[in-house]
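The following questions and answers examine a protein chain by its secondary structure, its packing and its individual residues.

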Amino acid sequence: MKAREFASWCGALVVCALLAGGQVMAKDKEDGNAPKKEAVQKKAGKEGDLDKYINLDSDDMNTKVEVITQTLYEQEQRIITLTFQQEYGDRVRIKRIAFASADRTLIPGYVFTPLKLEAGRKYPGIVMVHGGFHERFDWRWFQLIDGAVSKGYVVIFPEYRGSRGYGANHYVNEYGITDTEDVLASAQYFSGLDYVDGTRLAILGQSRGGMATLLAIEKEPTRFKAAIDIVGLADFVAYMAYKPDYRRNEVAKESAYFKGKLPNENLAAYMDVSPINHVDKIQTPLLIIATKGDKIAPYDLHTGRLLDVLKSKGKVFESKIYDDAPGGHIFMDGDTPEQRDATQRCFDFLGKYKKP
């Protein structure tokens with residue numbers, strides 16, 4: 001191959017990789033075509049079962065694009081953690097961890113603590129759960145984490161399966177299943193650290209992270225002392241009804257639990273991962289924050305119905321619903337009165353049930 005042809009081929013490959021990755025760079029924006037790829041499921045199995053990995057030396061163009069895309073995600077994640085250290089490293093320590101999930105898979109994550117832990121002190125902990133289709137820890141969580149540590153909490157941020165920046169196998173999504181398992185496993189790991197008070201754990205999640213938060217307190221009703229759901233997905237059947245076909249198909253394809261089928265072919269599975277169907281199990285005091293005008297998780301379909309069920313079941317909860325907060329579904333990303341008010345409400349609520 002001539003040098004000019006090779007350079008052109010490499011340039012095209014990088015552009016393809018950037019285009020493939022660019023569709024998931026926005027936080028669940030839902031505009032554009034989702035990247036196509038084969039799912040790689042990793043489950044606990046019998047002796048002799050082998051993991052499957054992407055072929056880094058493949059001559060297949062799609063595989064080459066996937067390798068470059070995942071490499072870019074990993075490099076981006078390193079930059080994000082370095083940025084956090086630059087901005088907050090004078091007062092917050094960030095530590096990369098890998099904890100075991102229920103099926104013995106190692107899950108990446110981060111623990112945030114004061115620079116100097118007080119000897120013998122047991123700190124209350126917060127599990128913070130990101131949302132998005134393939135999102136991860138990034139700048140949007142910096143301020144909340146810094147605020148939590150400054151108020152005397154320690155934080156764990158699990159990068160549950162489906163998060164990007166940790167390789168092709170980890171990138172595979174399974175809504176309501178592995179994400180929730182990994183979040184609960186992070187809480188178990190966190191409560192076992194010698195400086196964490198495992199009896200004073202809280203959980204906070206946004207969007208898909210709100211869905212995982214609700215499922216977590218339904219699956220383990222006594223694990224957390226307080227929970228916060230911000231613009232969470234309460235009804236996954238409803239979610240799959242209004243999403244574009246590419247997103248619906250990718251959600252179904254990647255999940256072993258959904259068996260590649262949409263709700264019309266496997267309704268029970270989607271009902272099972274819908275938090276609104278398991279409110280009876282909730283025992284944890286719950287704060288719900290949302291806004292009207294949400295175009296990702298419409299209030300009337302998700303939060304509004306959830307509040308009705310919580311009321312009818314006599315659950316302990318508080319709520320704050322804003323009237324068309326700037327940014328809609330992602331209003332917590334902005335520097336606005338609504339975002340600042342919501343943040344203060346979160347810490348006030350946590351202080352009520354697990355004061356540092």
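Q: In which strand is the place of R93?
A: The model is a predicted one. In this model R93 belongs to a strand rather than to a loop or a helix, and that element is strand 1.

Q: Is R93 buried, partly exposed or exposed?
A: The relative accessible area of R93 is 43%. Buried residues lie under 20% and exposed residues over 50%. Because 43% falls between these cut-offs, R93 is partly exposed.

Q: Which backbone oxygen does the side chain of R93 reach?
A: Leaving out residues up to four places away in sequence, R93 touches V111, F112, T113, P114 and L115. The C-alpha atoms of R93 and K116 are separated by 8.4 Å, although these residues are 23 residues apart along the chain. At 2.7 Å, the side chain of R93 reaches the backbone oxygen of L115.

Q: What is the phi of R104, and where is this residue placed?
A: R104 lies in the loop between strand 1 (92-100) and strand 2 (106-114). With a relative accessibility of 65%, R104 counts as exposed. R104 is a residue other than glycine, yet its phi is positive, near 75 degrees.

Q: Which backbone oxygen does the side chain of R164 reach?
A: R164 is found in the loop between strand 4 (154-158) and helix 4 (178-191). Its relative accessible area is 1%, and R164 is therefore buried. At 3.0 Å, the side chain of R164 reaches the backbone oxygen of H134.

Q: Which residues touch the most other members of the largest nonpolar core?
A: In soluble globular proteins, nonpolar side chains tend to be buried together. The largest nonpolar core in this model has 75 residues. Within that core, the residues that touch the most other members are F112 and F137.

Q: Which residues does F137 contact, leaving aside its neighbours within four places in sequence?
A: The contacts of F137 include Q77, I80, T81 and F84. Others among them are H130, F142, I145, F157 and E159. The list also holds I94, Y110 and F112.

Q: How many residues are in the second, separate core?
A: This core includes F236, A252, L262 and V273.

Q: Are helix 2 and helix 3 parallel, perpendicular or oblique to each other?
A: Helix 2 (residues 61-88) packs with helix 3 (residues 142-150), their axes being 11 Å apart. The residues that meet are I80, T83, F84, E87 and Y88 in helix 2 and F142, Q143, I145 and D146 in helix 3. Helix 2 passes helix 3 in a right-handed crossing. The angle is about 45 degrees, and the two helices are therefore oblique.

Q: Are helix 4 and helix 5 parallel, perpendicular or oblique to each other?
A: D179, T180, V183 and L184 in helix 4 meet R208, A212, L215, A216 and K219 in helix 5. The axes of helix 4 and helix 5 (residues 208-219) come within 9 Å and cross at roughly 65 degrees, and the crossing is right-handed. Helix 4 and helix 5 are therefore roughly perpendicular.

Q: Against which elements do the buried residues of helix 9 pack?
A: The buried residues of helix 9 are T303, G304, L306, L307, V309 and L310. The elements against which they pack are helix 5, strand 6 (226-230), strand 7 (286-291) and strand 8.

Q: Which backbone oxygen does the side chain of S312 reach?
A: S312 is placed in helix 9 (residues 303-312). Its relative accessible area is 58%, so S312 is exposed. At 2.8 Å, the side chain of S312 reaches the backbone oxygen of V309.

Q: What is the phi of D324?
A: D324 is found in the loop between strand 8 (317-322) and helix 10 (337-354). D324 is not a glycine, but its phi is positive, at about 60 degrees.

Q: What percentage of the residues of the chain count as buried?
A: The secondary structure of the chain comes to 10 helices and 8 strands. Among contacts with a separation of 6 or more, residues 24 or more positions apart account for 73%. Of the 356 residues of the chain, the share that count as buried is 54%.

Note on methods: Residues are numbered from 1 along each chain as its sequence is written. This is a predicted model: local features need pLDDT of at least 70, side-chain atom pairs count only at pLDDT 80 or more; totals for chains, interfaces and linings use all residues. Side-chain values use heavy atoms; hydrogens and water are left out. Helices (H or I, at least four residues) and strands (E, at least two) are DSSP runs, numbered from the N terminus. Buried means under 20% relative accessible area, exposed over 50%, partly exposed in between (1.4 Å probe, protein chains only). A polar contact is a pair of N or O atoms within 3.5 Å; within protein, one must be able to donate a hydrogen and the other to accept it, and residues adjacent in sequence count only if both atoms are side-chain atoms. A nonpolar core is a set of buried Ala, Val, Leu, Ile, Met, Phe, Trp, Tyr and Cys residues joined through side-chain atoms within 4.5 Å. Contact means heavy atoms within 4.5 Å. Axes are lines fitted to C-alpha atoms, for helices over the stretch in contact, and angles run from 0 to 180 degrees between N-to-C directions. Angles under 35 degrees count as roughly parallel, over 145 as roughly antiparallel, 65 to 115 as roughly perpendicular and the rest as oblique. A crossing is left-handed if the near helix is turned anticlockwise from the far one by less than a right angle, and right-handed if clockwise.
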